[in-house]
There are 2 protein chains.
Amino acid sequence: MAKPVLYTYYRSSCSWRVRIALAWKGIEYESRFVNLGKDGGQQNKDEYAAINPMKQVPALVMNGSTMTQSVAMLEYLEEVHPEKLILPKDPLDRVKVRELVSVISGGIQPLQNSSVLQKIGDEGKMEWGKFWLDKGFQALEQTLKRTAGKYCVGDTVTMADVCLVPQVFNANRFKVEMEQFPVIARLNGELLKLDAFRESHPFKMDDCPENLRS
Amino acid sequence: MAKPVLYTYYRSSCSWRVRIALAWKGIEYESRFVNLGKDGGQQNKDEYAAINPMKQVPALVMNGSTMTQSVAMLEYLEEVHPEKLILPKDPLDRVKVRELVSVISGGIQPLQNSSVLQKIGDEGKMEWGKFWLDKGFQALEQTLKRTAGKYCVGDTVTMADVCLVPQVFNANRFKVEMEQFPVIARLNGELLKLDAFRESHPFKMDDCPENLRS
């Protein structure tokens with residue numbers, strides 16, 4: 001089988017989720033960079049829309065199939081690469097993980113999507129993004145108080161962690177004051193000590209502008 | 001074990017997803033009605049926020065646990081009630097189903113959430129809701145052309161169908177012209193012939209206003 005190909009953009013939080021999971025599970029892949037800020041957004045070109053009709057990154061070509069939603073990809077990787085699992089065994093623990101994943105992927109991230117920010121317009125977009133991140137993080141903080149150990153759910157890395165770290169990165173872009181969210185901040189710091197999270201960081205990516213590279 | 005309790009609102013599309021899955025799997029439950037339109041939204045009261053910090057319906061109390069995100073509930077019900085499965089066996093088919101679920105639950109529905117509409121304001125909210133439904137349904141229609149048989153993915157009912165029908169109901173509220181989306185319209189019609197979808201319909205619910213009941 002050919003190596004998986006990931007269509008990605010360095011600072012897309014949904015792309016970073018998949019980069020973390022691939023790194024965590026030790027799956028080698030090739031990157032194809034889609035620049036959301038160039039030429040009116042390379043994701044809007046016909047060539048890319050044929051790959052993902054939602055005109056969003058990431059897309060993952062793997063085992064002869066093209067996949068287009070990051071959470072679906074995480075579930076798929078978990079099923080076909082059961083090494084270093086990112087879902088617990090117990091169904092009641094799994095539901096806790098998936099709840100956190102949904103709060104982030106369905107409740108918070110969609111409102112800072114580049115197409116949504118474009119519709120809001122340059123003038124209002126920072127306030128808009130921050131408003132929904134603040135609101136979402138308040139709820140997330142409450143939930144994490146009940147579920148967190150060393151990581152989001154207990155002491156092992158799960159899909160919830162894979163989604164949390166890129167969301168905090170987004171929150172920094174929107175200047176969310178993280179002191180309001182001590183649990184989220186602690187978890188984020190803990191997770192960024194792990195290789196899979198560090199190596200897949202936006203600022204380590206080859207498509208990251210030079211001045212941001214670290 | 002006590003009967004599951006579902007906190008629900010008749011026209012909440014996320015609540016309807018869970019009502020369909022419970023009906024499909026033949027799981028009996030009690031309903032507690034949370035009126036999103038009354039008293040400034042009953043979901044915003046402290047009593048309900050203690051159940052779900054996101055202040056959203058549905059919430060499901062089951063097997064001693066309180067669950068708060070509809071997609072996480074669908075996955076949970078699938079794991080603990082494997083009668084009448086709503087995910088296919090093959091991982092590449094499962095990813096197709098979960099992609100459609102994500103497109104709806106992460107790409108379309110969050111933008112017509114009652115809190116988002118409130119932020120947009122009364123004047124702009126119909127245009128806003130319709131804009132994102134049109135955009136999302138265009139992408140969904142393209143994807144469904146590749147995956148649909150009698151239902152969203154092949155010829156058996158899946159989580160994608162469970163999410164599609166409530167989203168079309170929402171689209172009707174926002175006056176989306178469904179003739180633009182023949183595949184979605186056909187699937188919706190087909191699915192509404194099934195008991196689990198018909199019996200859980202918003203207009204059949206006890207908390208539906210009398211003038212809408214059917």
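These are my notebook entries on a predicted model, written down in the order in which I looked things up.

**Ground rules.** I number residues from 1 along each chain as its sequence is written, and I letter chains from A and number ligands from 1 in the order in which they are written. Because the model is predicted, local features need pLDDT of at least 70 and side-chain atom pairs count only at pLDDT 80 or more, while totals for chains, interfaces and linings use all residues, and side-chain values use heavy atoms, with hydrogens and water left out.

**Chain A as a whole.** I looked up the secondary structure and found 9 helices and 4 strands in chain A, where helices (H or I, at least four residues) and strands (E, at least two) are DSSP runs numbered from the N terminus. Along the sequence, I read the pattern as β-α-β-α-β-β-α-α-α-α-α-α-α. The C-alpha atoms of chain A fill a box of roughly 50 × 45 × 30 Å along the principal axes. I noted a radius of gyration of 17 Å for chain A, which agrees with the value near 17 Å for a compact globule of 214 residues; the radius is taken over C-alpha atoms, and the globule rule is 2.2 Å times the number of residues to the power 0.38.

Of the 214 residues of chain A, 56% count as buried, meaning under 20% relative accessible area, with exposed over 50% and partly exposed in between (1.4 Å probe, protein chains only). Among the contacts (heavy atoms within 4.5 Å) in chain A with a separation of 6 or more, 66% join residues 24 or more positions apart.

**Covered places in chain A.** Helix α3 of chain A, residues 70-80, has 9 of its 11 residues buried, including S70(A), L74(A) and E78(A). I then turned to S13(A), which lies in helix α1 (residues 13-24) of chain A and is buried at a relative accessible area of 6%. Beyond its neighbours within four places in sequence, S13(A) is in contact with Q109(A), P166(A), Q167(A) and N170(A).

**The core.** The largest nonpolar core has 121 residues, and F137, L140 and L164 of both chain A and chain B have the most contacts inside it; such a core is a set of buried Ala, Val, Leu, Ile, Met, Phe, Trp, Tyr and Cys residues joined through side-chain atoms within 4.5 Å. Setting aside neighbours within four places in sequence, I found F137(A) in contact with I108(A), Q167(A), V168(A), A171(A), M178(A), F181(A) and I184(A).

**R98(B).** This residue belongs to helix α4 of chain B and counts as buried at 5% relative accessibility. Leaving out residues up to four places away in sequence, R98(B) touches A72(A), E75(A), E79(A), R98(A), E75(B) and L87(B). I also noted that R98(B) and M159(B), 61 residues apart in sequence, are 7.5 Å apart from C-alpha to C-alpha.

**The second largest pocket.** About 320 Å³ of space lies in this pocket. Of its 18 lining residues, those closest to the centre are P53(A), M54(A), K55(A), K135(B) and A139(B). Helix α6(B) gives the largest share of the lining, 7 residues, and α4 (91-108) and α6 (125-147) of chain B each supply at least two. I also looked up T143(B), which lies in helix α6 of chain B, is buried at 15% relative accessible area, and touches P53(A) and L100(B), not counting residues up to four places away in sequence.

For the term itself, I recorded that a pocket is an open set of points on a 1 Å grid over the protein atoms alone where a 1.4 Å probe fits, with protein on both sides within 12 Å along at least five of seven lines, and that lining residues have an atom within 4 Å of a point.

Key. Points joined across faces, edges and corners; volume = space filled by probe spheres on them.
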